[in-house]
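Hi,

Here is the structure I promised to pass on. Have a look at it first, and my notes follow below.

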Amino acid sequence: METALRQTPEKRQVFFLTILLLWGEAGSETIRYSMPEETESGYLVANLEKDLRLRVGELATRGAQIHYKGNKELLQLDTETGNLLLKEKLDREELCGVTEPCLLHFQLILENPVQFFQTDLQLTDINDHSPEFPHREMLLKIPENVQPGTVFPLKAAQDSDIGNNAVQNYTVSSNLHFHVVTLSRADGRKYPELVLDRALDREEQPELTLTLTAVDGGSPPRSGTTTVRIEVLDINDNAPQFVQSLYEVQVPENSPVDALVLTVSAMDLDAGIHGNVVYSLFQGGGGASQPFAIHGVTGEIRLSKELDFEVTNHYNIEIAATDGGGFSGKCNVAVQVLDVNDNAPELTIRKLTSPIPENSLETVVAVFSVSDPDSGDNGRVVCSIQNDLPFLLKPTFKNYYTLVTEGPLDRESRAEYNITITVTDLGTPRLTAQHTITVQVSDVNDNAPAFTQTSYTLFVQENNSPALHIGTISATDSDSGSNAHITYSLLPTHDPQLALSSLISINADNGQLFALRALDYEALQTFEFRVGATDQGLPELSSQALVRVLVLDANDNAPFVLYPLQNASAPYTELLPRAAEPGYLVTKVVAVDHDSGQNAWLSFQLLKATEPGLFTVWAHNGEVRTSRLLTERDAPKHRLLLLVKDNGDPPRSASVTLHVLVVDGFSQPYLPLPEVARDSVQDEDKLTLYLVIALASVSSLFLLSVLLFVGVRLCRRARASSLGGCSVPEGHFPGHLVDFSGEGTLSQSYQYEVCLREGSGTGEFNFLKPMIPNLLLQDAGIETKESPHYRDSFVFS
């Protein structure tokens, strides 16, 4: 065992020593019961509480279980009454074959505390099988010169029963020439031999037919029959004889099919056809089917199928040598099957506990048994598990082991263990079997929730919509189940001026934070609060984190002009000396923006001026300066329109109107300004009046023209139809319908040619090109464009 441990230092090995076996046998008394086979299910085998001298109900309280090799449940234990009942009908021949006595071994296991009892159930044989011959007919060829008293071997009948229930006697039907004798082999099996009582005469009777009967010793007895057909042959006075009457050979069970087992040899002193010997399998032991075949000429016995030591370890073969005249001799071949280590150990889990609490101390996780059907060292096993696991293997009773925890476990470090139990035998070569069991570790609430960050910083754009999701906080819990189910909450704040409940809300399930109302950067730029995370374990565990909210500025304020004020009752006028040099500072526009950052970066731009090119505005400081010298042609009064724009997205702006008065010197009284202003206002009012009159005239002219053309079309419809062309009114339209003169924007006279077509159903009204060129407009320097709308047709339905 020390050598095996040195060879596998990475595993713990538990070896079932002979001392432990002796101790187990000495410490536990084997209880044996007996019952006949084929007993109906439900049969009361015994009362284990009485036989084991246990208290009433102790089997139930201690978790008693019955285990049978191979996990086949043959018996059923009623733990309440202690009765051991037969679960199904048992067949001795199926379970034990020819083995006698037929013992079924099972164990009674008490779990709390663990205790084992070895129990044997012996099945006694009943006469439930009749003898059967391997063939319905046997053929014997007997020469006619055979002397009375000659013995002829016959094939024996097979009976699955044993003892007195097996074949006990053979009889043959009544005849004048033969009788049968019953003999016993060394293993106790009966076989028949046919004895010649009276010489045969082929000329008198060339063939005989006998009935051979095999009778067992049961009560009542059972029997089986076969037909023996005898052919009488001519003279053949020598039977074949084997060199040995008994051959013994050993064959390893892993020998391949068609491997040579043995060569037998027989001699016949006759010559010719009567001296030619043919070999055949005469009678096999243990049943009609046998894994051997013999060559009829050479006598070589070879394997016809694989051997299995665990099924049958010994074979008795009868070989017959028959010559051409029908004489035969026989010999016996005893084949001993040698065991090889061809069966890996077997492991059977009897009990498995999973999951186990992580804080539990030494706990039994599994109970299992090991076995190996091989013999000798090939059947001795060593058990081990991985060396890095907090579990131990402990031997208990005979081939039973328990797997226990070495100490408390930690589910957060490892929630599941895959334990591989390795069972190795001591044969050559060594064979190994492995069985992996999965042990789950159940959780206890020993870990508080942990936030992913100690503090969170969230950014919110001002003027947000109510109930806006602004961020999510997250905490994790190493536990599982309800111990890891986290609930989030807002913790009370110590700032009395911060109404946290009206600003922020939190989703208790997922930690999502929402802004309850719109935030204003100009009123509240930042605030902070604490959030708690609590699990649902018992007891509850919690933790907290700091959340800081920063409000981001939005471009929600337009620039405000401080100077010059735009809401004054009278416009503010700046004075500009006529002799001012280029770059002269006329004034400076001052504006502010309540936003911050680039939303408050202002730029200035000159949009409109009375004299383009005379003034410039510096974009960054709002200074209005002259860009050239003033001349006599420059107007004495100037009106400037400036734009103040911030750098937001989208940008916001404000406009500024400046009035600049050119003076010859600052000592000149400032009196003409009101008159100039009034004149300018009067000119603007006149222009507006002319524009209104012109628009009204054009509208009236258009309406009258449409009515006139419709009337002309209705009156001359017949004439236009006969001509098939355009109907043109004779003469020109009156001048007051087509001409309009004045000082407004529509001061040019127009004259159009109108064509009304009939037969079109859509009533097309076409404006053609003006017949009188717009000479007056061209002379006035006004650029005229031909509108495409005039060239298209108007449709009236």
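First, a term for what comes next: two strands pair if DSSP finds at least two bridges between them. Strands themselves are DSSP runs of E with at least two residues, numbered from the N terminus. Before the details, please keep in mind that this is a predicted model, where local features need pLDDT of at least 70, side-chain atom pairs count only at pLDDT 80 or more, and totals for chains, interfaces and linings use all residues. Residues are numbered from 1 along each chain as its sequence is written, and side-chain values use heavy atoms, with hydrogens and water left out.

Let's start with β13, residues 190–196. Strand β10 (residues 151–153) runs antiparallel to β13, and 3 bridges join them. As for cover, 6 of the 7 residues in β13 are buried (buried means under 20% relative accessible area, exposed over 50%, partly exposed in between, with a 1.4 Å probe and protein chains only).

Next, the cysteines. How many disulfides are there? The count comes to 1, taking a disulfide as a pair of cysteine sulfur atoms within 2.5 Å. The pair is C96 and C102, with sulfur atoms 1.8 Å apart. The torsion about their S-S bond is about 65°, so this disulfide is right-handed. C96 and C102 are both buried. Two other cysteines to click on are C331, which counts as buried because its relative accessibility is 1%, and C383, which is buried with a relative accessible area of 0%.

Now some backbone features in loops. The peptide bond from N112 to P113 is cis, with omega near -5°, and P113 sits in the loop between β7 (102–110) and β8 (115–124). Another cis peptide bond joins D649 and P650, where omega is about 0°. P650 is in the loop between β49 (637–646) and β50 (653–663).

E38 is not a glycine, yet has a positive phi of about 65°. You'll find E38 in the loop between β2 (31–36) and β3 (44–47), and at 27% relative accessibility it counts as partly exposed. N463 is also no glycine and has a positive phi of about 65°. N463 lies in the loop between β34 (455–461) and β35 (468–472), partly exposed with a relative accessible area of 42%.

Last, the surface. Which residues make the nonpolar patch of about 500 Å²? They are F560, L562, Y563, Y572, V590 and V592. β42 (560–563) and β45 (590–592) are the elements that give two or more residues to this patch, and β42 gives the largest share, with 3 residues. Y572 lies in the loop between β42 and β43 (573–577) and is partly exposed, at 45% relative accessibility. Patches take residues with over 30% relative accessible area and no salt bridge, joining like charges within 9 Å and nonpolar side chains (Val, Leu, Ile, Met, Phe, Trp, Tyr) within 5 Å. A salt bridge here is a Lys or Arg side-chain nitrogen within 4 Å of an Asp or Glu carboxyl oxygen, and accessible areas come from the Shrake-Rupley method with a 1.4 Å probe, where for residues only the protein chains shown count as cover.

Cheers

Methods: Helix = DSSP H or I, 4+ residues; strand = E, 2+ residues; numbered from the N terminus.
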